[in-house]
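Please read the following briefing alongside the sequence and the coordinates.

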Amino acid sequence: MNQPVRTTSSMLEPRAIYRSTKAYDHSEGLSCCFRQWRATHSHCRLIHGYALAFRFVFATFELDQHNWCFDFGGLKPVKAWLKEMFDHTMIVAEDDPELPRFQALAEADLVDLRVLPAVGCEATAKFVFDHVAKFLRAETGDRVWLESVEVCEHGGNSAIYAIG
């Protein structure tokens, strides 16, 4: 949906974009464990965890009746989903060769397992982006779009997935 220019005559004219941000910081308690099995050269192949933080950038050409890009109160379902996905959970990739072992741990009620298409900060940013972008489209009828999602493992590491 990102349309940064509009056609006027035969010239391209810039179009104003309003942006707003929403952050859920490390204190939200989104503590989860990961295993990046493909990182055979690194300790990231081992189970390790972070209290994740997320930052969203929303954009629109037109503000709503309240002069807002998006009502932050409308993000309650997003926050609930983030908690469901990343609060005291174990994240593994769907192609992890040890997935059956993790599934057995989940069946024994030893981990709260989440299986994602891929694991890593960048892949997590894309996974969250896809979910929240779909939510925004449904909530706003394409008036608002998600420009980017930043996932922070800690103060020194983050990854951003963005459109455009």
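## Briefing on the predicted model

Lys 22 has its charged end placed over the ring of Phe 72, at 5.8 Å from the centre of that ring. The structure described here is a predicted model, and side-chain atom pairs are counted only at pLDDT 80 or more.

**Charges over rings**
- Besides the contact between Lys 22 and Phe 72, the charged end of Arg 15 sits over the ring of Phe 61, and its distance from the ring centre is 3.9 Å.

**Aromatic pairs**
- The count of aromatic pairs in the model comes to 10.
- One of these is formed by Trp 81 and Phe 86, whose ring centres lie 6.3 Å apart and whose planes stand at 90°, and because an angle over 60 degrees counts as edge-to-face, the pair is assigned to that class.
- Trp 81 has a relative accessible area of 11%, which is under the 20% limit, and it is therefore classed as buried.
- Phe 86, the partner of Trp 81 in this pair, is likewise buried, with a relative accessibility of 0%.
- Both residues belong to a cluster linked by ring pairs, which takes in Tyr 24, Phe 54, Phe 56, Phe 58, Phe 70, Trp 81, Phe 86 and Phe 127.

- With a threshold of 30 Å³ or more, the count of cavities comes to 1, and the volume given for the largest cavity is about 50 Å³.
- The lining of the largest cavity is made up of Phe 34, Gln 36, His 48, Tyr 50, Leu 52, Val 119, Gly 120, Cys 121, Thr 124, Val 151 and Glu 153.
- Two or more of the lining residues come from each of the elements β5 (48-51), α3 (121-140) and β9 (144-154).
- Sorted by class, the lining of the largest cavity consists of 6 nonpolar, 4 polar and 1 charged residues.

**Cysteines**
- The count of disulfides in the model comes to 0.
- Cys 33 takes part in no disulfide, and the nearest cysteine sulfur to it, which belongs to Cys 32, is 7.1 Å away, whereas a disulfide would need the two sulfur atoms within 2.5 Å.
- Cys 33 has a relative accessible area of 29%, and so it is classed as partly exposed.
- Cys 44 is also in no disulfide, and its nearest cysteine sulfur is that of Cys 121, at a distance of 10 Å; Cys 121 is, in turn, one of the residues that line the largest cavity.

Note on methods:
Residues numbered from 1 in each chain as written. Predicted model: local features only at pLDDT ≥ 70, side-chain atom pairs only at ≥ 80, totals over all residues. Heavy atoms only, no water. 1 Å grid on protein atoms, 1.4 Å probe; cavity = no way out; pocket = protein on both sides within 12 Å on 5 of 7 lines; lining within 4 Å. Points joined across faces, edges and corners; volume = space filled by probe spheres on them. Helix = DSSP H or I, 4+ residues; strand = E, 2+ residues; numbered from the N terminus. Nonpolar A, V, L, I, M, F, W, Y, C, P; charged D, E, K, R; others polar. Phe/Tyr/Trp six-rings, centres within 6.5 Å; stacked < 30°, edge-to-face > 60°. Buried < 20%, exposed > 50% of the residue type's maximum accessible area, 1.4 Å probe, protein only. Lys NZ or Arg CZ within 6 Å of the ring centre and 35° of its normal.
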